[in-house]
Amino acid sequence: MFNMTPAILRNFLGDRATRRYPHVIRPSFENARGAIHNDIHICTFCGVCAAKCPSQCIAVEKKAATWSYNPSACVCCGVCAESCASGSLQQERNYRKPFREKEMIVLKGTSSSAVNDTVSISAPAQP
Ligand code: SF4
Ligand code: SF4
């Protein structure tokens with residue numbers, strides 16, 4: 001017990017080892033890889049992101065002008081954003097928030113205008 005006294009006092013009197021999340025959020029590291037966002041207004045539907053995605057979680061229909069993305073299957077590797085020549089696909093630095101349910105993000109647009117839509121999938125996410 002007496003051997004532990006210095007450690008106990010340090011823990012009581014020193015700085016906290018943990019943060020009071022979500023009140024205190026640690027900033028992301030410089031090269032952190034977060035959520036993927038597509039600015040559908042400038043997407044050319046070239047399909048390169050879908051072809052390069054190792055998780056096969058992107059689908060592009062050029063004729064229908066739709067870009068679909070399954071965030072539950074995305075591993076945030078960033079390959080799609082790095083290979084997007086138009087710059088429409090961007091990766092956030094902030095960590096992606098956990099999901100309550102699976103969803104498929106479907107963005108529809110043309111070269112000049114776009115309509116965005118999110119379609120929920122009924123199956124619950126695995127913990
Ligand atoms: S997001 Fe980029 S890489 Fe993917 S289809 Fe659109 S323009 Fe092509
Ligand atoms: S970040 Fe990686 S896994 Fe996620 S959509 Fe892009 S290429 Fe696919």
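A cavity is a set of points, on a 1 Å grid over the protein atoms alone, where a 1.4 Å probe fits but cannot get out; its lining residues have an atom within 4 Å of a point. Grid points are joined across faces, edges and corners, and the volume is the space filled by probe spheres set on the points. The model here is predicted, so local features need pLDDT of at least 70 and side-chain atom pairs count only at pLDDT 80 or more, while totals for chains, interfaces and linings use all residues. Residues are numbered from 1 along each chain as its sequence is written, and side-chain values use heavy atoms, with hydrogens and water left out.

Two cavities of 30 Å³ or more turn up in the structure. The largest has a volume of about 80 Å³, and its lining includes Cys-43, Phe-45, Cys-46, Trp-67 and Ser-86. That lining splits into seven nonpolar residues, five polar and no charged (Ala, Val, Leu, Ile, Met, Phe, Trp, Tyr, Cys and Pro count as nonpolar, Asp, Glu, Lys and Arg as charged, and the others, Gly among them, as polar). The second largest cavity comes in at about 70 Å³. Its lining has 13 residues, with Cys-53, Cys-57, Cys-74, Cys-77 and Cys-80 nearest its centre; 11 of the lining residues are nonpolar, two polar and none charged.

Back at the largest cavity, Cys-46 is one of the lining residues. Cys-46 has 48% relative accessibility, so it counts as partly exposed (buried is under 20% relative accessible area, exposed over 50%, partly exposed in between, with a 1.4 Å probe and protein chains only). Cys-46 and Lys-62 sit 16 residues apart in sequence, yet 7.0 Å apart in space, C-alpha to C-alpha.

Conventions. Chains are lettered from A and ligands numbered from 1 in the order in which they are written. On a 1 Å grid over the protein atoms alone, a cavity is a set of points where a 1.4 Å probe fits but cannot get out, and a pocket is an open set with protein on both sides within 12 Å along at least five of seven lines; lining residues have an atom within 4 Å of a point.
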